[in-house]
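Welcome! Let's walk through this structure together, one question at a time.

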Amino acid sequence: MATPRGALQPITSRSVVEQATEELRRAILAGSLAPGGEYSLRELAGMLDISFIPIREALRSLESEGLVVMRPGRSAIIAPLNLDDLHGIYRLRRALEPEIARRSCGLLTDEELDRLDAQAADFGARDHGMADIYDDHHAFHLALLAPAATVWDIRVLTTLWRAAERYIRIGFGQLDPDPAEHERRGKAHADLLAAFRTRDADTVAAAVEQHLARNEKIAISALS
């Protein structure tokens with residue numbers, strides 16, 4: 001069937017809404033826009049030097065991710081850090097990630113595991129704080145699960161990882177001054193890869209659950 005003329009427009013650049021969403025998300029996850037802070041939409045539009053309308057659309061997207069709370073009128077609150085929310089995030093992660101890992105461990109190639117080994121070693125570098133490695137850390141865990149993950153698995157996990165990121169950045173950031181923490185971080189990911197190399201589903205699921213439990217414990221420290 002022919003497509004009606006004018007039904008679709010050529011894509012020439014990323015939309016202002018998409019760019020605003022990405023920049024606001026980055027600032028929230030990095031803590032530049034602090035939890036609990038309230039901002040008028042015009043204030044945020046002024047910070048980004050754009051009009052009011054794309055800010056409103058961007059904030060609606062971020063509200064669906066649990067990162068902001070829209071207020072009656074024209075303002076938004078950066079979602080506060082909350083212990084119940086954190087437990088809820090990790091409850092859902094524990095329901096999803098070990099199960100996907102069970103299936104993924106038999107599908108990952110040795111070459112991919114070798115590549116991830118090199119990445120895990122970099123996580124232990126003393127000059128790399130959590131803020132420096134977080135994007136690579138996210139990609140590392142996605143790579144471990146990707147062979148068995150559906151599009152919807154990845155959508156849900158990405159939302160949960162973003163929701164957890166603020167807690168993780170703060171909690172691990174408090175540990176960054178300790179050189180031993182960097183060594184532990186590298187070893188924790190090397191141990192996770194060693195479990196995947198066994199190709200044993202029970203071993204892998206247990207390792208993922210243990211990894212999540214430790215991360216949740218450290219993330220909780222962000223609330224103290």
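## Contacts of a residue

Tutor: Leaving aside neighbours within four places in sequence, Arg93 is in contact with Pro98, Leu160, Trp161, Ala164, Ile168 and Leu212. Contact here means heavy atoms within 4.5 Å. This is a predicted model, in which local features need pLDDT of at least 70, side-chain atom pairs count only at pLDDT 80 or more, and totals for chains, interfaces and linings use all residues. Residues are numbered from 1 along each chain as its sequence is written, and side-chain values use heavy atoms, with hydrogens and water left out.

Student: Is Arg93 buried or exposed?

Tutor: Let's start with the scale: buried means under 20% relative accessible area, exposed over 50%, and partly exposed in between, using a 1.4 Å probe and protein chains only. Arg93 has a relative accessibility of 6%, so this residue counts as buried.

Student: Which helix does Arg93 lie in?

Tutor: Helices are DSSP runs of H or I with at least four residues, strands are runs of E with at least two, and both are numbered from the N terminus. The run that covers residues 83-104 holds Arg93, and its name is α4.

Student: How far apart in space are Arg93 and Glu209, C-alpha to C-alpha?

Tutor: In sequence, 116 residues separate Arg93 and Glu209. In space, the C-alpha to C-alpha distance between Arg93 and Glu209 is 9.2 Å.

Student: What is the phi of Asp49, and where is Asp49 found?

Tutor: Asp49 sits in the loop between α2 (41-48) and α3 (52-64). With a relative accessible area of 69%, Asp49 is exposed. Most residues other than glycine have a negative phi. Asp49 has a positive value instead, near 55°.

Student: And is Arg199 buried or partly exposed?

Tutor: Arg199 belongs to the loop between α8 (179-197) and α9 (201-220). Its phi is positive too, near 65°, in a residue other than glycine. The relative accessible area of Arg199 is 32%, so Arg199 is partly exposed.

Student: How many helices and strands are there in the protein chain?

Tutor: Reading from the N terminus, the elements run α-β-α-α-β-β-α-α-α-α-α-α. The count for the protein chain is nine helices and three strands.

Student: What share of the contacts with a separation of 6 or more comes from residues 24 or more positions apart?

Tutor: The C-alpha atoms of the chain fill a box of roughly 55 × 55 × 30 Å along the principal axes, and buried residues make up 42% of its 224 residues. For contacts with a separation of 6 or more, the share from residues 24 or more positions apart is 77%.
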